[in-house]
Amino acid sequence: MSKEMLIQVDEDDNIISPVERGKAHMEGILHRGVMMLVFNKRGQLLIQKRSLKKDTAPGKWAVSAAGHCDPGESYLDTAKREMKEEIGIESKLYKMGRMYDYKKMENDLVENEIIMLYMCEHEGPFALQESGVEEVKSASIDEIVWMTHKHPEKVMHTLMNVIGL
């Protein structure tokens, strides 16, 4: 089994070199990632419950889809690939901007990413990646805020960051 490789970058998002995923998360090496927000026509955000098999944030509610950029892959290509893999859809993506994420996670792992945010509109149906996604549901921003305040331990920090909490 080959090791997953990520794109190590500097603070200005200039590519340094490929880096093994495990090493990046153990040593807190800055790397590229993407997050996608999928809204329906009612303005509800599709959120996913991460698989319990995930090494980071298992069983937590997160953004619609997310992932790391592979070496040689653009942010947009990564976003399209991850949406197809995780929730089984293709849609025109709109770039929202870039954010920085640093978080000490469970198991002594560190997430240190420059993340490109994208959004799209899609009504489904969704085909879930068995190894990565337990379930999805659509929720209003108010419902997500309520869930975050009532059960913060069940919500991934990046979902909180994206909605401004």
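**View 1. Order of the elements along the chain of the predicted model.** From the N terminus on, the elements of the chain follow the order β-β-α-β-β-β-β-α-β-β-β-α-α, which makes up a count of four helices and nine strands. The model shown here and in the views that follow is a predicted one. Along its principal axes, the C-alpha trace of the chain spans about 40 × 35 × 30 Å. The radius of gyration of the chain is 15 Å, which agrees with the value near 15 Å that a compact globule of 165 residues would have.

**View 2. Contacts and surface of the chain.**

**View 3. The largest nonpolar core.** This core has 19 residues, and those with the most contacts inside it are Val34, Met36, Val38, Tyr75, Met83, Leu93 and Tyr118. At least two residues of this core are supplied by each of the elements β1 (5-9), β3 (31-39), α2 (75-87) and β8 (110-121). Apart from this core lies another one, of 17 residues, which includes Met35, Leu45, Leu159 and Ile163.

**View 4. The surroundings of Val38.** Val38 is one of the residues with the most contacts inside the largest nonpolar core. When residues up to four places away in sequence are not counted, Val38 touches Gln44, Leu45, Leu46, Ser64, Met83, Ile87, Ile89, Cys120, His122 and Phe126. Of these neighbours, Met83 is likewise listed among the residues with the most contacts inside the largest core, whereas Leu45 is one of the residues of the other core, the one of 17 residues.

**View 5. Lys137 and the ring of Trp61.** The charged end of Lys137 sits over the ring of Trp61, at 4.8 Å from the centre of that ring. As for pairs formed between aromatic rings themselves, a search of the whole structure finds zero.

**View 6. Thr148 in helix α3.** Thr148 lies in helix α3, which covers residues 141-150. With a relative accessible area of 5%, Thr148 counts as buried, because this value falls under the 20% cut-off. Thr148 and His31 are 117 residues apart along the chain, and their C-alpha atoms are separated by 27 Å.

Definitions and conventions
Residues are numbered from 1 along each chain as its sequence is written. This is a predicted model: local features need pLDDT of at least 70, side-chain atom pairs count only at pLDDT 80 or more; totals for chains, interfaces and linings use all residues. Side-chain values use heavy atoms; hydrogens and water are left out. Rings of Phe, Tyr and Trp (its six-membered ring) pair if their centres lie within 6.5 Å; planes under 30 degrees apart count as stacked, over 60 as edge-to-face and the rest as tilted. A charge sits over a ring if NZ of Lys or CZ of Arg is within 6 Å of the ring centre and within 35 degrees of the ring normal. The radius of gyration is taken over C-alpha atoms; the globule rule is 2.2 Å times the number of residues to the power 0.38. A nonpolar core is a set of buried Ala, Val, Leu, Ile, Met, Phe, Trp, Tyr and Cys residues joined through side-chain atoms within 4.5 Å. Buried means under 20% relative accessible area, exposed over 50%, partly exposed in between (1.4 Å probe, protein chains only). Contact means heavy atoms within 4.5 Å.
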